[in-house]
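Please read it alongside the sequence and coordinates.

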Amino acid sequence: MGKVTGFKEFERIDESYIPVEERVKDYKEFTVSLSEKEITEQGSRCMDCGIPFCHSGCPLGNLIPDFNHMVHQGEWKKASWILHSTNNFPEFTGRLCPAPCEQACVLGIIEDPISIENIEKNIVERAFKEGWIKPQLPKVRTGKTIAVVGSGPAGLAAAQQLNRAGHLVTVFERDDAIGGLLRYGIPNFKMEKEIIDRRVTILEAEGIVFKTNVNVGVNYDVEKLKEFDAVVLCGGATERRSLPTPGIDADGVVQAMDFLTQQTKVVFGQEVKDQVLATDKHVIVIGGGDTGSDCIGTSNRHGAKSVVNFEIMPKPPGHRSPTTPWPYWPLQLKTSSSHKEGVERNWLINTKEFVKDENGKLIALKTVNVEWEMIPGERPKLIEVEGTEKTWPCDLALLALGFTGPENTIADQLGLDRDVRSNYKATKGAYQTNIPNVFTAGDMRRGQSLIVWAISEGRQAAHHVDKYLMGHSDLPLKGDGDLPSL
């Protein structure tokens with residue numbers, strides 16, 4: 001695929017960024033796109049590798065060498081056609097996916113891998129610009145009604161696939177706008193929300209009905225779900241992890257998702273009462289993942305006095321670890337654009353106390369350095385290092401500790417089984433719960449995971465819902481099925 005000698009002729013080139021001092025002034029996306037010639041050359045780097053391991057690295061089974069080859073040939077419309085055959089929303093994954101496909105790239109064994117994610121983003125942006133992405137209305141309606149609960153990537157993917165099968169789909173979203181975590185959990189500087197809106201416009205034109213401010217099990221009786229022929233639960237893993245640490249109730253200890261959601265609503269022009277601001281504060285972000293990175297970027301845009309990041313795990317190596325050999329996802333240090341905007345990163349550190357003043361306001365954090373004792377056959381043991389206690393000035397502590405699983409409201413009211421990790425339990429490979437016409441997909445089923453897994457699960461769940469309703473399904477599973485028209 002691509003140019004036979006392309007990987008020898010062209011080096012990997014990634015998008016550049018607007019300078020830090022400029023981009024932290026607002027919440028807009030700040031990547032500087034490559035030229036069409038440069039993107040074409042990046043597509044030309046794709047090797048005729050025989051067995052494209054990028055396929056197995058991608059949960060969606062994207063036909064990566066095929067669309068790379070089309071980009072190499074300048075066949076952008078065909079590239080979009082191929083890309084959309086397995087991925088409903090490449091404009092989301094092209095911005096937010098950590099690209100496990102690139103870590104499985106064969107060229108990556110000896111050189112920098114193909115810039116698959118950026119090529120994907122450029123294909124879909126070209127397709128929108130040229131007007132190639134149009135509503136696809138089903139030729140025949142089945143008359144079957146389906147409720148999709150949750151409008152994140154899993155819910156949207158399931159809804160679009162089921163609508164294309166001819167079913168009548170209604171999507172319920174508890175927030176005031178469609179998108180789930182994409183809308184309020186991802187800062188605008190990573191993905192501007194017009195990107196969601198233009199896709200939702202397409203979905204509405206295809207016949208999908210969206211209802212916002214509908215919290216199933218709270219202001220919408222779960223009994224009403226029985227009016228639908230099938231239900232797909234895609235509400236995500238939204239139960240936030242906290243810490244059993246003294247002083248956790250201090251004024252100034254805030255869950256990361258509350259902090260990020262408030263700022264996104266302000267960007268939309270909404271009034272947020274008592275917004276949590278990092279302005280002129282000593283900020284400590286606890287948690288070293290993507291959400292922690294988003295908090296760092298947002299704090300810098302607020303004008304924080306200082307930003308510090310704590311991670312209880314060891315600092316990952318700068319290169320692929322022998323414990324995660326190619327083509328697996330590597331245990332490797334990740335430095336995001338937000339990290340580059342200014343932060344002090346600390347590993348192997350544990351928060352012992354949130355210190356508050358007489359009025360209950362947070363003023364400091366007490367920590368201790370730790371080590372992990374690894375004994376074969378036993379769980380890793382956390383050991384505190386004597387003499388490493390330290391007090392950090394802190395006015396705002398942001399808890400970016402991930403999620404423990406989905407909320408139990410719907411499960412309790414419907415009588416759904418849950419697994420040992422509290423996720424909604426479904427039959428392996430079929431996404432069907434203990435209630436035959438109720439299915440579940442995405443983080444609500446598998447636990448906190450990647451956007452690309454959410455879309456993949458939404459697509460696969462749709463296939464099984466369609467099969468349940470009709471006795472068979474022509475909807476594709478991972479990496480197969482006919483290419484859609486555009």
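In this predicted model, the axes of helix 9 and helix 12 (residues 194-205) come within 13 Å and cross at roughly 55°. Axes are lines fitted to C-alpha atoms, for helices over the stretch in contact, and angles run from 0 to 180 degrees between N-to-C directions. Helices (H or I, at least four residues) and strands (E, at least two) are DSSP runs, numbered from the N terminus. The angle makes helix 9 oblique to helix 12; angles under 35 degrees count as roughly parallel, over 145 as roughly antiparallel, 65 to 115 as roughly perpendicular and the rest as oblique. The crossing of helix 9 and helix 12 is left-handed, a term used if the near helix is turned anticlockwise from the far one by less than a right angle, with right-handed used if clockwise.

On the side of helix 9, Val124, Glu125 and Phe128 meet Ile195, Arg198 and Arg199 of helix 12. Contact means heavy atoms within 4.5 Å. The residues of this contact of helix 9 with helix 12 divide into 3 nonpolar, no polar and 3 charged. Here Ala, Val, Leu, Ile, Met, Phe, Trp, Tyr, Cys and Pro count as nonpolar, Asp, Glu, Lys and Arg as charged, and the others, Gly among them, as polar.

Helix 9 (residues 116-130) also packs with helix 3 (residues 36-44), where the axes come within 10 Å and cross at roughly 130°. That angle makes helix 3 oblique to helix 9. Helix 3 passes helix 9 in a left-handed crossing. Glu36, Ile39, Gln42 and Gly43 of helix 3 make the contact with Asn118, Ile119, Asn122 and Arg126 of helix 9. By class, the residues of the contact of helix 3 with helix 9 are 2 nonpolar, 4 polar and 2 charged.

A further packed pair is helix 13 with helix 14 (residues 290-302), at an angle of about 50° and with axes 10 Å apart. Helix 13 and helix 14 are therefore oblique to each other, and their crossing is left-handed. Ala256, Met257, Phe259, Leu260 and Gln263 in helix 13 meet Thr291, Asp294, Cys295, Thr298, Ser299 and His302 in helix 14. The residues of the contact of helix 13 with helix 14 divide into 5 nonpolar, 5 polar and 1 charged.

The axis values of these pairs are set out below.

| Helix pair | Axis distance | Axis angle |
|---|---|---|
| helix 3 and helix 9 | within 10 Å | roughly 130° |
| helix 9 and helix 12 | within 13 Å | roughly 55° |
| helix 13 and helix 14 | 10 Å | about 50° |

Turning to the sheets, an open sheet of 5 strands has the order 5-4-3-6-18 with parallel pairing; two strands pair if DSSP finds at least two bridges between them. Strand 5 (209-211) and strand 18 (438-440) stand at the edges with a single partner strand each, so one side of each is left without a neighbour in the sheet. Direction ignored, neighbouring strands of this sheet are turned by 20° against each other on average. Strand 6 (residues 230-233) runs parallel to strand 18 and is joined to it by 3 bridges; Val232 has Phe439 of strand 18 as its bridge partner. Helix 10 (residues 153-164) lies across strand 3 (145-149), strand 4 (168-172), strand 5 and strand 6, and runs at about 165° to strand 4.

Another open sheet is formed by 5 strands in the order 8-16-9-10-11, again with parallel pairing. Its edges are strand 8 (253-255) and strand 11, each with a single partner strand, so one side of each is left without a neighbour in the sheet. Strand 9 (residues 282-286) and strand 16 (residues 396-399) pair in the parallel sense over 4 bridges, and Val283 stands opposite Leu396 in strand 16. Helix 13 (residues 256-267) lies across strand 8 and strand 16, running at about 75° to strand 8.

Two backbone features fall in loops. A cis peptide bond with omega of about 5° joins Trp326 and Pro327, and Pro327 is found in the loop between strand 10 (306-311) and strand 11 (344-347). Leu348 has a positive phi of about 55° although it is not a glycine; its place is in the loop between strand 11 and strand 12 (349-356).

The protein averages a pLDDT of 95, and 98% of the residues score at least 70; pLDDT is the predictor's confidence in each residue, from 0 to 100. Over residues 480-486 the pLDDT is below 50, and this stretch has 15 contacts in the model beyond near neighbours in sequence. Where pLDDT is low, the predicted coordinates should not be read in detail.

Residues are numbered from 1 along each chain as its sequence is written, and side-chain values use heavy atoms, with hydrogens and water left out. Because the model is predicted, local features need pLDDT of at least 70 and side-chain atom pairs count only at pLDDT 80 or more, while totals for chains, interfaces and linings use all residues.
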